[in-house]
Structures are given as structure tokens and as C-alpha cells.
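Dear colleague,

Please find the structure below, handed over for your use. A summary of the findings follows it.

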Amino acid sequence: MNSRFSTAVHILTLLASMPEERLTSEFIALSVGTNPVVIRRQLALLRQANLVESKGARGGGWSLTRDPEKITLRKVRDALGAEASFRMHRNEPHPKCLVGQHVRGVLEDVYADAENAVMKSLDRWTVADMLKRVRRATGAA
């Protein structure tokens, strides 16, 4: 997985930590330590998956569409699509190399197995679990 997943989890956990507020992409970007444009791209994917919603104009911003207990990290991963998957290297192997001819096929099996294990694990974690752990780490209730 890439950093898009950790950014998405960060965004959702931040939104869960302030359920009475609508947060702007600028505010979220400050927390994540990135550009608001990056955050807006992530929020667009999360909105398509019906995990977040936005309200425009005065008092606008982003919020969760459901209870954080009901948002599994698998749903977050699914919202990001193939971009969050294990990826094959882009370089074309030499056609006369025995390893190069077959390593991708073997890696596809390894990646499929790893992906299944990851998805099973992500099914067991929710955004609420993340928030509880963050609060515990900071000493907050």
C-alpha cells in the first residue's frame, strides 16, 4: 500500500475526532502536513465511497457520513481502488532472462496472497478503533 491509504485514514480519524464540526480541506491539510489539493483529491475518493460529505458556503466543510464504528479500514482501502494495491515494477524484464520471464507471474501469486491477508486484517479495524488508539496515545479520554 502507498501513502494514500495512511492519508485517508488520517483524514477520517481527524473527522471522527471532531464530530460536531465540519472541517475544511485547509484545516485537514495542516493536520496531515500536506497541501490542501492533495486532501481534496483524497476527499473526492472518500465521498464517492459515501464515507464523507461536504457542505459548501459559510460554515462549510467535511464530515463523516456515518458512525466511525461502521467504517472499516477495508472500506477505506476499497475507496482508494487499485492505487492502494501492491504493484508490479514497471520495467520490462530482458526476454532472455529466465527469472525475468517468470518472476512477475510468481509475484502476482504472492501479491494476491498478501492482499487477501491485508484485507482480512483491515476488516477488523475501524476508524473508531483508530481514534481510540490515538486518544490513548495522547492520554486523552
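**Findings**

Cys97 counts as partly exposed, with a relative accessibility of 32%. Please note that the model is a predicted one. Cys97 is placed in the loop between α4 and α5 (98-123). Its C-alpha atom is separated by 53 Å from that of Leu23, and the two residues are 74 residues apart along the chain.

Two packed helices are described by the angle between their axes and the distance between the axes.

The crossing in which α1 passes α2 is right-handed. On the α1 side, the contact is formed by Thr7, His10, Ile11, Leu14 and Leu15, which meet Phe27, Ile28, Ser31 and Val32 in α2. Sorted by class, this contact of α1 with α2 contains six nonpolar and three polar residues, and no charged residues.

With regard to the second pair, the axes of α1 and helix α6 (residues 127-138) come within 9 Å, and the crossing angle is roughly 75°. Because of that angle, α1 is roughly perpendicular to α6. Here α1 contributes Val9, Leu12, Thr13, Ala16 and Ser17, while α6 contributes Val127, Met130, Leu131, Val134 and Arg135. By class, the contact of α1 with α6 comprises seven nonpolar residues, two polar residues and one charged residue.

**Two buried residues with polar side-chain contacts**

Ser25 is located in helix α2. Its relative accessibility is 6%, and Ser25 therefore counts as buried. A polar contact of 2.7 Å links the side chain of Ser25 to the side chain of Arg40. When neighbours within four places in sequence are left aside, the residues in contact with Ser25 are Pro36, Ile39, Arg40, Leu43 and Trp62.

Arg77 belongs to helix α4 (residues 73-80). Is Arg77 buried or exposed? Arg77 has a relative accessible area of 5%, so this residue is buried. The side chain of Arg77 is joined to that of Glu115 by a polar contact of 2.4 Å.

With kind regards

Terms used: Residues are numbered from 1 along each chain as its sequence is written. This is a predicted model: local features need pLDDT of at least 70, side-chain atom pairs count only at pLDDT 80 or more; totals for chains, interfaces and linings use all residues. Side-chain values use heavy atoms; hydrogens and water are left out. A crossing is left-handed if the near helix is turned anticlockwise from the far one by less than a right angle, and right-handed if clockwise. Helices (H or I, at least four residues) and strands (E, at least two) are DSSP runs, numbered from the N terminus. Contact means heavy atoms within 4.5 Å. Ala, Val, Leu, Ile, Met, Phe, Trp, Tyr, Cys and Pro count as nonpolar, Asp, Glu, Lys and Arg as charged, and the others, Gly among them, as polar. Buried means under 20% relative accessible area, exposed over 50%, partly exposed in between (1.4 Å probe, protein chains only). A polar contact is a pair of N or O atoms within 3.5 Å; within protein, one must be able to donate a hydrogen and the other to accept it, and residues adjacent in sequence count only if both atoms are side-chain atoms. Axes are lines fitted to C-alpha atoms, for helices over the stretch in contact, and angles run from 0 to 180 degrees between N-to-C directions. Angles under 35 degrees count as roughly parallel, over 145 as roughly antiparallel, 65 to 115 as roughly perpendicular and the rest as oblique.
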